[in-house]
Amino acid sequence: MAKFRQVSHVIFDMDGVILDTEGAYKRAIATIARRFGKNYTNNIVAKVTGTVERESARIAVTEMNIPMPVEEFRKEFRSLSHSFFAKHGVPLMPGTQRLVRHLSKHNIPISVATSSSLESFELKSAQHKDLFKLFDHIVCGSTDPDVKQGKPAPDIFLVSAARFPTKPNPEKCLVFEDSPNGVQAAISAGMQVIMIPDENIPTELRKGASFVVSSVDETPLEKFGLPPLK
């Protein structure tokens, strides 16, 4: 118990934490890569996951040596992933609705800090407006002028904390993240972080998290001073 700090506010990443979007993103990047005979490996997935769109494109092009301008790759990636979302919808991650509604019911301030653009957020969240209304605010890192650097820089989480009416100190915030980049961003912001890693994320890239779970509703909230899930 001693190694966990008590918190008062909770910040959620969106992709891979609230919404199950990672499969569509992987398919989009892998589709482009295959056209050039390239393989989108788990190691590259770990580097891309959690980054803002322009950085995702840069990493993918560089790591796989794809002969395409980064901006062209970014546009195709966006078009493919958005078409997947429009065609198949975006399901919620297991346990997320239960946890979010539990925290809201107990008046715990909650927010979303996503690397997505506002346009992308609105597309992906369209089927789940009732759930997203429970959040105090949404920070969209790719289009928010106050987020100067994307994850693994701490900007997005510091901005999100500052937008709560009570402006809590970072150490009073608990973050939910799925990516190594996001975990590092939370740590750099001075926050504790619960990681819900993709199965392809290597064990060594999970070690920085305060706690690792396979589903958000498995989090031992009471260790952080939050009301426990029954």
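In which crossing, left-handed or right-handed, does helix 4 pass helix 6? Helix 4 passes helix 6 in a left-handed crossing; a crossing is left-handed if the near helix is turned anticlockwise from the far one by less than a right angle, and right-handed if clockwise.

Before the tour begins, note that this is a predicted model, in which local features need pLDDT of at least 70 and side-chain atom pairs count only at pLDDT 80 or more, while totals for chains, interfaces and linings use all residues. Residues are numbered from 1 along each chain as its sequence is written, and side-chain values use heavy atoms, with hydrogens and water left out.

**First stop: helix 4 and helix 6**

Select residues 70-88 for helix 4 and residues 118-125 for helix 6. Helices (H or I, at least four residues) and strands (E, at least two) are DSSP runs, numbered from the N terminus. Two packed helices are described by the angle between their axes and the distance between the axes. Here the angle is about 20° and the axes are 10 Å apart. Axes are lines fitted to C-alpha atoms, for helices over the stretch in contact, and angles run from 0 to 180 degrees between N-to-C directions. Helix 4 and helix 6 are therefore roughly parallel to each other; angles under 35 degrees count as roughly parallel, over 145 as roughly antiparallel, 65 to 115 as roughly perpendicular and the rest as oblique. Now display the side chains: Arg78, His82 and Phe85 of helix 4 make the contact with Glu119, Ser120, Leu123 and Lys124 of helix 6, where contact means heavy atoms within 4.5 Å.

**Second stop: helix 3 and helix 4**

On the helix 3 side, select Glu53, Arg54, Ala57, Arg58, Ala60 and Val61; they meet Val70, Phe73, Arg74, Phe77 and Arg78 in helix 4. By class, this contact has six nonpolar, no polar and five charged residues. Ala, Val, Leu, Ile, Met, Phe, Trp, Tyr, Cys and Pro count as nonpolar, Asp, Glu, Lys and Arg as charged, and the others, Gly among them, as polar.

Next, select asparagine 65, found in the loop between helix 3 (53-64) and helix 4. Asparagine 65 has a positive phi of about 55° although it is not a glycine.

Select residues 22-35 to show helix 1, which packs with helix 4 at an angle of about 135°, the axes being 9 Å apart. Helix 1 and helix 4 are therefore oblique to each other, and helix 1 passes helix 4 in a right-handed crossing. The residues of this contact divide into 10 nonpolar, three polar and three charged.

Turn to the open sheet of six strands, with the order 3-2-1-4-5-6 and parallel pairing; two strands pair if DSSP finds at least two bridges between them. Strand 3 (137-140) and strand 6 (211-212) stand at the edges, each with a single partner strand, so one side of each is left without a neighbour in the sheet. Select residues 173-177 and residues 192-195: four bridges join these parallel strands, strand 4 and strand 5. Valine 175 has valine 193 in strand 5 as its bridge partner.

Helix 8 (residues 155-162) lies across strand 1, strand 2, strand 3 and strand 4, and runs at about 150° to strand 2.

**Last stop: a cis peptide bond**

Finally, select lysine 151 and proline 152, which are joined by a cis peptide bond with omega of about 15°. Proline 152 is in the loop between strand 3 and helix 8.
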